[in-house]
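Good morning, colleagues. Please take a moment to look at the sequence and the structure before we go through them together.

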Amino acid sequence: MRKAGTLLSVYLAYMLEYRAELFLWALAGALPLILLGVWTEAARGGEFPLSPGEFARYFLMVFLVRQATVVWVVWEFERDVVEGRLSFRLLRPLDPFFDHLAAHTAERLARLPFVVLLTLLFFALFPEARFLPEPGAFLLGLGLTVLAFLLRYTMQYTTALLTFWTERATSVEEVFFLLYLFLSGTIAPLEVFPEPLKSLALLTPFPYLVYLPAALLAGQEVALFPGLWIMLLWGVGFLLLSRLLWRLGLRRYSGQGA
Amino acid sequence: MSAEPIILAQDLTKHYRVALKEESLLATLRHFLLRQYRTVKAVEGVSFQIARGEVVGFLGPNGAGKTTTLKMLTGLIHPTRGKAVVAGHIPWRREKAFLKKITLVMGNKQQLIWDLPALDTFRLNAAIYDIPEGEFRKRVSELSEMLSLTNKLHQPVRKLSLGERMKAELLAALLHRPEVLFLDEPTLGLDVNAQVAVREFIREYNRRYGATVLLTSHYMADIAALAERVLVIHQGRLLYDGPLAGLLERFAPYREVGLTLAYPLPREAFLAFGEVRDLEGLKARLLVPRERLTERVAEILKSLPVEDLEVREPPLEEVIAKVFQSPKEAV
């Protein structure tokens, strides 16, 4: 516990050193807010499963979920390997998985004020997005957001471990990011997907990274099951895969000369 | 030497496979389809033992295999062959108990968090190594006093001078009070004062806590000041293991004669007496075989316009350079 507390407090201090950057990063994540404008306008004119107000709420929640689940561990890991800094991490009695996880968690806390500020700003700009959430669904949505962060982190950490073989794991991540962008519900809620595509998407891990928690937070009618099981299954799968890659990767790294 | 060595290396060997590639488009394509490899023998059958509390210098030119050996002993790389036991553990199993007993400081790499005060990195390490709060404070104040770093702990690391940063690196690396210190070029790039300070600190740390130190350095002064025993490695093989003084005996069977002349002379005038290392104006430096020293000095005094004459041990750097030029003189 003390270990986790100290890790968080030091990394929080570290992240606060980058206040200006954090603000820009938070702002750079404003894509859903732009899409919010596009979709609410579209919904005013055409036939859509969601009303303009529902679209606005959904994209606002997408914005918040994405802010809470930003992950960059693959870049960090790749740099560590290329610059030989991984050796320092390997000499410490702490698995880098947890070290990076602590840094990511601390960044969430440092980013929070900017996110609140941006949210208030957009409430002012899009009054139709204002709503009073239902406590039960909202709490569930928050819990799922935490799970979504852990899933995204574990997925990207698994990709990061490919650095042991290619040194260009970030390129693999960029391919994943394309899939993420389309299938996660970042660009459009799954309600507007054609039925076969939607069913297919729901079998991948991506909708659970954004769509499911955002829809719950926005108070939409969504089925929690079997989605939650699929999400957990992917989570356990990636966790096991990452442990395996870590073991094999270390053997390779230490065989080649660290 | 006590019964049980704290570092044991037996026939440690590391071979790497390096992909070969020539420069041309065709070669690039061939490289892409069918890679060819070459085996590099970084370390070849190195064996030694180090007793608890010893300070041992590790000498060798760049690429001799020093760092590879250190990486095997710290568990960062697997040897191709051979055995190592450090503080009772097989290093490359990387057990937590082992990691808590050792530290590796690399002069060319840093672990301190650049934008935060060094104290924050120390706090982080204290948490990672399970050091209780009270003990942590005690150790920081003790070590920062030994390093004269007390009033620098609250400044961001990027604002520290190179020397202060190295001291803070040492503090961060020693907070968990390791039994075995692997120091790879700890004084790299430091000015003379900082070098002396780091050196003094390592000596004091060894004395106070009985820690074992294996140290590589390009600065012979570091080795001379700290290590009574040296290991010399060249092209992956151990050439010498013994006292520093013995290294001079074995590889420097000559003395250096420094001369101050009444008037300048051409180089040819000295050739009969020894090898001319240096000749500038009125100053000359000759290397004279040890067994002919008396006779040569007498001849010099008789035939040259000598104002002053001094006989010295040759500089360690030159001895080492000679060792590396003639690897066949292996022990």
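I shall speak about the two chains in turn, and then about the contact between them.

What you see is a predicted model. Its overall scores are ipTM 0.85 and pTM 0.86. For chain B, the mean pLDDT is 89, and 97% of the residues in that chain reach 70 or more.

Let me begin with chain A. Which elements make up this chain? Chain A has 13 helices and zero strands. Read from the N terminus, the order of elements is therefore simply α-α-α-α-α-α-α-α-α-α-α-α-α.

As to its dimensions, the C-alpha atoms of chain A fill a box of roughly 60 × 40 × 30 Å along the principal axes. Chain A has a radius of gyration of 19 Å, and this agrees with the value near 18 Å that a compact globule of 258 residues would have. Of the 258 residues in chain A, 36% are buried. Among the contacts in chain A with a separation of 6 or more, 78% are between residues 24 or more positions apart.

I turn now to an annotation from a database record. The unreviewed UniProt entry assigns the term "transmembrane region" to residues 22-43, 55-75, 109-126, 138-155, 175-193 and 224-246 of chain A. Over residues 55-75 of chain A, the model is 81% helix and 0% strand, with the end C-alpha atoms 33 Å apart. Over residues 109-126 of chain A, the figures are 94% helix and 0% strand, and the end C-alpha atoms are separated by 26 Å.

Which residues touch the most other members of the largest nonpolar core? In this core of 146 residues, they are A:Phe59, A:Ala214 and B:Leu171. Helix H4 of chain A, residues 52-68, gives the most to this core, with ten residues. Setting aside residues up to four places away in sequence, A:Phe59 touches A:Pro32, A:Leu33, A:Leu35, A:Leu36 and A:Trp39.

One backbone feature of chain A also deserves mention. A:Phe225 and A:Pro226 are joined by a cis peptide bond, with omega about 5 degrees. A:Pro226 lies in the loop between helix H12, residues 211-217, and H13 of chain A.

Let us proceed to chain B. Chain B has eleven helices and 13 strands. Its C-alpha trace spans about 70 × 60 × 50 Å along the principal axes. Buried residues account for 39% of the 331 residues in chain B. Of the contacts in chain B with a separation of 6 or more, 71% involve residues 24 or more positions apart.

The loop between strand E1, residues 7-20, and helix H1, residues 25-33, of chain B contains B:Lys21. Is B:Lys21 buried or partly exposed? B:Lys21 is partly exposed, because 13 other C-beta atoms lie within 10 Å, whereas a buried residue needs 20 or more. Apart from neighbours within four places in sequence, B:Lys21 is in contact with B:Ala27 and B:His31. The C-alpha atoms of B:Lys21 and B:Glu133 are separated by 54 Å, and these residues are 112 residues apart along the chain.

B:Glu185 is found in the loop between strand E6, residues 180-184, and helix H7, residues 192-209, of chain B. Phi of B:Glu185 is near 55 degrees, a positive value in a residue other than glycine. With 19 other C-beta atoms within 10 Å, B:Glu185 is partly exposed.

B:Gln235 likewise is not a glycine, and its phi is positive, at about 50 degrees. B:Gln235 lies in the loop between strand E8, residues 229-234, and strand E9, residues 237-243, of chain B. B:Gln235 counts as partly exposed, with 16 C-beta neighbours inside 10 Å.

Finally, I come to the meeting of the two chains.

Thank you for your attention.

Notes
Residues are numbered from 1 along each chain as its sequence is written. Chains are lettered from A and ligands numbered from 1 in the order in which they are written. This is a predicted model: local features need pLDDT of at least 70, side-chain atom pairs count only at pLDDT 80 or more; totals for chains, interfaces and linings use all residues. UniProt positions are given in the numbering used here, feature names are shortened, and annotations may be inferred rather than shown by experiment. Helices (H or I, at least four residues) and strands (E, at least two) are DSSP runs, numbered from the N terminus. A nonpolar core is a set of buried Ala, Val, Leu, Ile, Met, Phe, Trp, Tyr and Cys residues joined through C-beta atoms within 7 Å. A residue is buried if 20 or more other C-beta atoms lie within 10 Å of its own, exposed if 12 or fewer, and partly exposed in between; C-beta atoms are placed from the backbone. Two residues are in contact if their C-beta atoms, placed from the backbone, lie within 7 Å. The radius of gyration is taken over C-alpha atoms; the globule rule is 2.2 Å times the number of residues to the power 0.38. pLDDT is the predictor's confidence in each residue, from 0 to 100.
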